[in-house]
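Here is a friendly tour of the model on your screen.

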Amino acid sequence: MSQRKELSPQPPILRQPPIHLPDNVVLNILSRLPVKSVLRFRCVHKSWNSSITSSNFISTHLINNNNSNNNENDNDDDRAYLICMPAMYSPSNNPVCMVACDRKFNRISEYPIPSELHLNCPEIVGSCNGLVCLAQYGNGSTIADVIYVWNPSIRKFKRLPDTCLSQYDSVATGFAYQCENNDYKVVKISSLRAPNRPEDEVEAEVYTLSLNSWRRVGISLRPNVVVSNVKYYSSATFVNKALHWLGYISEVDGQFLNQNMILSFDVNNDKFGEIALPRGQVLPQGLVAVPQSLMVFKGKLAFITFGYPVIYHGFMLTHTPCFIWVMGEYGVHESWTKLFSVQFENVIHVQGCTKHGELLVEKELKTESDDGELQRCNDSVIVSFDPETLHEKDLGIQHLPLIATSFMESLVLLDGAT
């Protein structure tokens, strides 16, 4: 008869108590994660959702994101540029699409503009801390302007209230971050032709995101200086805590001056200022300097000047000399330096500059006729151009982007937007 072997009793299973991290540790971890990951964690618990959508967490996440980008200056995977393209070059049916690219201009992702915005022909005012400011201008008399602040990363947007100035002949806009108050501002400069005057009258107004309201501000520069206009329908360059436009002074003390200048706006004190363009621009004989656009070149205020023939009838030049001036010490006129003088072939416009110093240039495409001669075609291409190495790369965009600017992901607007 077989004996049953008695099994020895098993030791009881000791369950480890769950580890509860302090809330401040959890939030510190979450604030260092990518935007998509943070959005997913909103579903874990109501308290997490409440914390993630708070203004304090959004600001902390933005600071950590900026510090991370600053520590990865040579990271090719960094989302560095945002290019706006028409629908015909995008799988979306929306009027425009934002394309995020890395340093080598390889596409990372696309952000179609929400159809709820009802924008048929938008202008991109600027991009700052993950926000994109979009505007669609009316006719200045019967159709009002429409301006949105949009965060494509979290698919949130906010429509700004109607502006105070409803009549204008031209308008220039700017979008900026006010670091002292952790706030955002939109500046709109309107030019209106005054009766019995050869030049326009210029007025300005400022929108503050935290107040959700506009207010008028005066353009007070040197005594008795009249700013007649800024570059028509242009967006501003944001650098050194100020917005900048190419402007034009027509009158000083009643005397006509006809002088180009840079109009600045300090977003911390809401004051306009004047920055003179460099004097003594020495050009080859027969050329005249034409300031074309402002930009940020490796963190410095810069502007592009083309040298056109004195007798110029608007025909496209085969080779155009381009001069890049940079202000070494902000606000010091003597620090203007001509860094580069390069020859562009079939250049139309300089769209912008990357944070690494490459220029984004629109060039005219030419086709070869049956007899072997080059002739114009109604199309263009966008290339990146390094003024130091003279290396040029076709970005594969055969249409004019509305803007090319730096871009990053953020949670800004998560605490209050549509």
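## Aromatic pairs

The structure holds 10 aromatic pairs, where rings of Phe, Tyr and Trp (its six-membered ring) pair if their centres lie within 6.5 Å, and planes under 30 degrees apart count as stacked, over 60 as edge-to-face and the rest as tilted. One of them is the stacked pair of Phe-175 and Tyr-184, at 6.2 Å centre to centre with 15° between the planes. Both residues, Phe-175 and Tyr-184, are buried (under 20% relative accessible area; exposed is over 50%, partly exposed in between, with a 1.4 Å probe and protein chains only). Ring pairs also link Phe-175, Tyr-177 and Tyr-184 into a cluster.

Tyr-207 and Trp-214 make a tilted pair, 5.5 Å centre to centre and 50° between the planes. Tyr-207 is buried at a relative accessible area of 1%, and Trp-214 is buried at 11%.

## How the model is read

This is a predicted model: local features need pLDDT of at least 70, side-chain atom pairs count only at pLDDT 80 or more, and totals for chains, interfaces and linings use all residues. Residues are numbered from 1 along each chain as its sequence is written, and side-chain values use heavy atoms, with hydrogens and water left out.

## Cysteines

With a disulfide taken as a pair of cysteine sulfur atoms within 2.5 Å, the count is 0. Cys-128 is in no disulfide, and its nearest cysteine sulfur, that of Cys-179, is 9.9 Å away. Cys-128 is buried, with 9% relative accessibility.

## The chain overall

Of the 418 residues in the chain, 48% are buried.
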